[in-house]
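Biologist: I'm new to reading protein models, and I'd like to learn on a real one. Please put it up, and I'll start asking.

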Amino acid sequence: MAPPPAPRAERTDLSRGWAKWRDRRARFAPLDLRKLANATALWRGFRAADAGGKSNGSRAMLPPMQAWPMSLSVEPTTSCNLRCPECPSGLRSFSRPTGMLDPDRLSALLSGPEGLGRDLVYLNLYFQGEPYLNPGMDELVAIGKREGLYVSTSTNAHHITPERAERIIKSGIDRLIISIDGADQEAYSAYRVGGKLEKVLEATRHIMDAKKRLGRRAPHVVWQFLVVGTNEHQLPTMRQMARTWGVDEFVVKTAQLDAPHDDHPLLTQDPRLRRYDRDPSGRWVLRNPMLDRCWRMWQGAVVTWDGQVVPCCFDKDATHGMGRAEDGAAFRQIWHSDAYHAFRESVFTHRAGIDMCRNCSEGTEVWA
């Protein structure tokens with residue numbers, strides 16, 4: 001079956017530029033005096049930690065955390081309908097429990113006098129899995145919006161009917177990232193195994209139509225193209241398709257590979273479109289200076305569907321769990337715990353000694 005025809009909604013560069021500007025402005029909208037003070041304290045603490053000179057070849061003692069996270073990723077589900085080859089959800093390779101986030105858990109985390117909503121700016125409802133497999137996804141978004149947060153998610157867009165699209169718009173979500181990794185079915189399904197490009201295009205049309213029908217500018221709709229060896233030749237075509245389909249933004253993301261090698265089918269020929277290069281011995285290594293610091297980890301955290309707090313989105317199997325947060329008060333205790341401090345100290349002392357950090361994009365090119 002041929003993909004659905006594109007709607008007549010081609011965007012000019014100026015129109016898309018304004019959409020990006022509105023989205024960037026919306027990210028700052030949650031800031032009030034308390035949150036601004038917290039963000040400032042986070043940045044000052046990070047600078048102090050990064051500047052904590054060397055003493056006998058190692059960093060001086062890391063100063064204690066004096067602020068709260070400003071961004072939080074919360075996992076709606078570990079379930080996924082696709083079988084992407086570099087993803088633990090697709091490979092069904094988790095050793096941790098799998099399941100769905102209960103909206104009550106998110107509400108307990110964000111709301112009330114100890115809720116994290118008082119300090120957070122950005123809520124990303126995504127970690128592993130396909131968020132819209134969670135039947136309460138729109139309620140999760142609404143909870144974040146009630147706390148005044150900027151809310152985003154990322155989807156493979158296989159479960160967005162016209163009716164669901166309208167509910168998504170009405171939920172108030174600010175940013176909707178749609179993964180679209182090919183201009184035809186063959187290229188798309190080379191990575192999105194089990195997926196249908198036609199469904200992604202139909203979902204895009206449903207979302208854009210619902211925005212127009214409801215008179216809404218949000219969500220900011222992003223087509224995200226994961227560039228790999230099997231689709232890199234389609235990048236110019238994808239840029240033009242994004243204009244034709246009228247999405248607000250088109251981004252190109254390089255791929256994380258667990259074991260890159262010479263004949264890896266997902267390794268791009270164009271070095272500008274990958275994260276890896278050969279070292280002098282011929283071994284493929286991450287193009288990353290691996291500095292002993294990490295702003296992403298310092299300013300945010302991840303909470304799995306069942307409440308496990310982990311320090312980074314690269315900890316996909318939650319092997320560095322810091323504890324279980326049943327509510328905001330419990331999270332705050334974990335955030336300032338000895339275990340969390342020790343992990344931060346290990347990052348600022350010898351980041352390359354942490355397994356997940358050795359394939360991390362912090363400090364390298366992710367967006368091509």
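Biologist: What share of the 368 residues in the protein is buried?

Modeller: Keep in mind that this is a predicted model, in which local features need pLDDT of at least 70 and side-chain atom pairs count only at pLDDT 80 or more, while totals for chains, interfaces and linings use all residues. Residues are numbered from 1 along each chain as its sequence is written, and side-chain values use heavy atoms, with hydrogens and water left out. Buried means under 20% relative accessible area, exposed means over 50%, and partly exposed is in between (1.4 Å probe, protein chains only). With those cut-offs, the buried share of the 368 residues is 54%.

Biologist: How many helices and how many strands does the protein have?

Modeller: Helices (H or I, at least four residues) and strands (E, at least two) are DSSP runs, numbered from the N terminus. For the secondary structure of this protein, the tally is 12 helices and 13 strands.

Biologist: And what radius of gyration goes with that?

Modeller: That radius is taken over C-alpha atoms, and the globule rule is 2.2 Å times the number of residues to the power 0.38. For 368 residues the rule gives 21 Å, and the protein's own value is close to that, so it is as compact as a globular protein of that length. The radius of gyration is 21 Å.

Biologist: Is the peptide bond from Ala218 to Pro219 cis or trans?

Modeller: Most peptide bonds are trans. Pro219 sits in the loop between α8 and β7 (220-227). For the bond from Ala218 to Pro219, omega is near 5 degrees, and the bond is cis.

Biologist: Met290 isn't a glycine, so what is its phi?

Modeller: Most residues other than glycine have a negative phi. Met290 lies in the loop between β10 (284-286) and α10 (295-299), and it is buried at 16% relative accessible area. Its phi is positive, near 50 degrees.

Biologist: Where does Ala318 lie?

Modeller: Ala318 also has a positive phi, about 55 degrees, although it is not a glycine. With a relative accessible area of 18%, Ala318 is buried. You'll find it in the loop between β12 (308-310) and β13 (323-324).

Biologist: How far apart are the C-alpha atoms of Asn38 and Ala67?

Modeller: Asn38 belongs to helix α2 (residues 33-51) and is buried, with a relative accessible area of 6%. Leaving out residues up to four places away in sequence, Asn38 touches Ala67, Trp68, Pro69 and Asp119. Asn38 and Ala67 are 29 residues apart along the chain, yet their C-alpha atoms are separated by 5.8 Å.

Biologist: Which elements do the buried residues of α5 pack against?

Modeller: An α-helix has 3.6 residues a turn, so residues three or four places apart point the same way. In α5 (residues 137-146), the buried ones are Met137, Asp138, Leu140, Val141, Ile143 and Gly144. After the helix comes Gly148, with a positive phi near 80 degrees. The buried residues of α5 pack against α4 (103-110), β4 (122-124), β5 (150-155) and α6 (162-171).

Biologist: Last one: is Arg192 buried or exposed?

Modeller: Arg192 is in the loop between α7 (185-191) and α8. Setting aside neighbours within four places in sequence, Arg192 is in contact with Leu82, Cys84, Ser179, Asp181 and Leu226. At 12% relative accessibility, Arg192 counts as buried.

Definitions and conventions:
Contact = heavy atoms within 4.5 Å.
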